[in-house]
Amino acid sequence: MTMSERKIIELETGWEFMQKGITKLKNILEGIPEQQFNSEEYIMLYTTIYNMCTQKPPQDYSQQLYDRYRDSFEEYITSMVLPALREKHDEFMLRELVKRWGNHKIMVRWLSRFFNYLDRYFIARRSLPALNEVGLMCFRDLVYQEIKNNVRDAVITLIDREREGEQIDRALLKNVLGIFVEIGMGNMDAYENDFESAMLDDTASYYSRKAASWILEDSCPDYMLKAEECLKREKERVSHYLHSSSEQKLLEKVQNELLSQYESQLLEKEHSGCHALLRDDKVDDLSRMYRLFCRIPKGLEPVAQIFKQHVTGEGTSLVKHAEDAASNKKAEKKDVVGAQEQAFVRKVIELHDKYLQYVNECFMNHSLFHKALKEAFEVFCNKGVAGSTSAELLATFCDNILKKGGSEKLSDEDIEDTLEKVVKLLAYISDKDLFAEFYRKKLARRLLFDKSANDDHERSILTKLKQQCGGQFTSKMEGMVTDLTLARENQTNFEEYLNDNPLAHPGIDLTVTVLTTGFWPSYKSFDLNLPAEMVKCVEVFKEFYQTKTKHRKLTWIYSLGTCNIIGKFDPKPMELIVTTYQASALLLFNASERLSYSEIKSQLNLTDEDIVRLLHSLACAKYKILNKEPNTKTVAQTDYFEFNSKFTDKMRRIKIPLPPVDEKKKVIEDVDKDRRYAIDASIVRIMKSRKVLSHQQLVMECVEQLGRMFKPDFKAIKKRIEDLITREYLERDKDNPNMFRYLA
């Protein structure tokens, strides 16, 4: 059938046919018994519209049909939908709305199929809203706008009832809130403005009321449990029926009311706040506190502050206890004080372990708590105990672990572990250079007197120190350990040399340890007048050493030497283990029966201080190898000494100790001297790169540069600047005395 042959369908005739189809659809939706549409009816309805839109003007009824499509919805809504909604309230209204919205969408789907030809050409050409859109807009303008406020209030009421523990129909709420989302047709404005903002305000006031009563009734842990439970429930609420975009906003509201508003009150609750939780080791509650407060902006800062105060308090009380214990024991033995100090370091390590675990586990390794822990330990780790600085205590503690016969009996793994922890503590100490010097002195004693329990541990702690403080920090110590290995090889070579040259053998077994001057602490080297037997030994070794190298000068340090000599006493001969000084003094009595103090001094060529120490160890201490006149406990310059031939002891071999010189003062002097050089070098380095700098900036940069090793004193820096001006490294600016210039 061609176009001209096709029968013209008039508007009213066509519409009447369409109206029958639309009425049938409405009846089906209203539940009035009707046959479902069969395909023939559907095709007829579609074709009618198609024909009415493809007739030549003025019989092209596209515009009229488009308008009547909209009118069909409006008529149905006003006659059927609105009356049904208006007569219902609350939950019943919500159920009706969900049903009506579902029906409306079905109606839109069917009608837009019948009128589909409009969508394809007429609407596309004129840029009009699509059929689907027109259908939804009718519902929005007529139904939604009228009842949205009632719907919102009904939903919020149900949510509040659920918060109070009632069971509600979550599926119903999900469907209702789905309408708010769908009605926006692609954007969330309707959901956000017509529902969400009111729901958030209601949430805030609900939790504000709850928090006000909980904060008064509950302890801090109970309050946090409730807060955590509320946040969990609100999160579930989102997953059950709210739109996912609400989650963040909703949780922020709850957090603000429950946590932000009451943070300080909660943390400072008298018997259950943050201090109490730390004091009583409430690990779970502290973890919960972290979980809650890490969600709110700057919420962790007050917690970290309290953590820092608590750790500082704990540490400071440790220092105080150690001080008290040390002063109580001062009257008693010296080594007990040493044991007290060992225990103090052990306790500080335990304290650090405990709170580092808190930082890692309760506070999830958060940098804020690492910083708090560091600052707290820096406070009390830099306080001394009983006149010893922390640097010295740590060095002594390491010495005790690493030397043979130390008081700490630990397995290899425990030693490694403990050394690791000591190095961690060192990070908090400002005078790292002082530690290095004390450690080096003690390392020297361990190495030279064969007191070191295990070479591997010695190297291991040096590796740890190197990682913590840099290569410069440990270079000398590493040199010392290497020196000892070389010295053993050297000794083997010397013994081979003596075997090859039997004539050169001095008649005494001699072991020489050759050290590199730069690595080791400085020792006094006196021109001790050696006994003839020993002079021969020295000469032989010099000859041997000349064969190896011509360019090195040997300086003998007799103060570190030891000798084994046989004492022929009347009861029995005995072997005495003594220092080179003691041996030299005792050998004088082979030639003379009786010697005065001044004779011994002139023959040995030592200072008064050394002679007094020496004679005291031989005549006034535990083993009286020499008899002294008069027989008193102290050595005077007028005393006389003679060999005690009656001396005996149950042991055949005894070691006669020579009390060591107290090196603490010297170490501190050495460190001060090194610091002066370090400050000089730092100032010159800074000025060389900056050329001109103000006093304040120079001091600040200098402190920053040296801070890794020690905290330079401002007065010391000022003194060094003056000294460098005198030595013409810098000059003051003529116009501004606070400015310095670098002199090349």
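Start by selecting β8 (730-732) and β9 (739-742). These two strands pair in the antiparallel sense, over 3 bridges. Bear in mind that this is a predicted model.

Pick L730 next: Y742 in β9 stands opposite L730.

Stay on β9 and color its two faces. Which residues are on the covered face, and which on the uncovered one? F740 and Y742 are covered. M739 and R741 make up the uncovered face.

Click L693: its bridge partner in β9 is F740.

Move on to helix α28, residues 714-726. Check its length with the distance tool. The helix has 13 residues, and at 1.5 Å a residue it should span 18 Å. Its end C-alpha atoms are 19 Å apart, which agrees.

Show the side chains of α28. Which of its residues are buried? They are I717, R720, I721 and L724. Turn the view to look down the helix axis. The buried residues fall within an arc of 105 degrees, so they line one face of α28. Here is the general rule. An α-helix has 3.6 residues a turn, so residues three or four places apart point the same way.

What do the buried residues of α28 pack against? Select α26 (664-690), α27 (695-706), β8 and β9 to see their partners.

Definitions and conventions: Residues numbered from 1 in each chain as written. Predicted model: local features only at pLDDT ≥ 70, side-chain atom pairs only at ≥ 80, totals over all residues. Heavy atoms only, no water. Helix = DSSP H or I, 4+ residues; strand = E, 2+ residues; numbered from the N terminus. Expected span 1.5 Å × (residues − 1). Buried < 20%, exposed > 50% of the residue type's maximum accessible area, 1.4 Å probe, protein only. Arc of directions from axis to C-beta. Contact = heavy atoms within 4.5 Å. Pairing = 2+ DSSP bridges.
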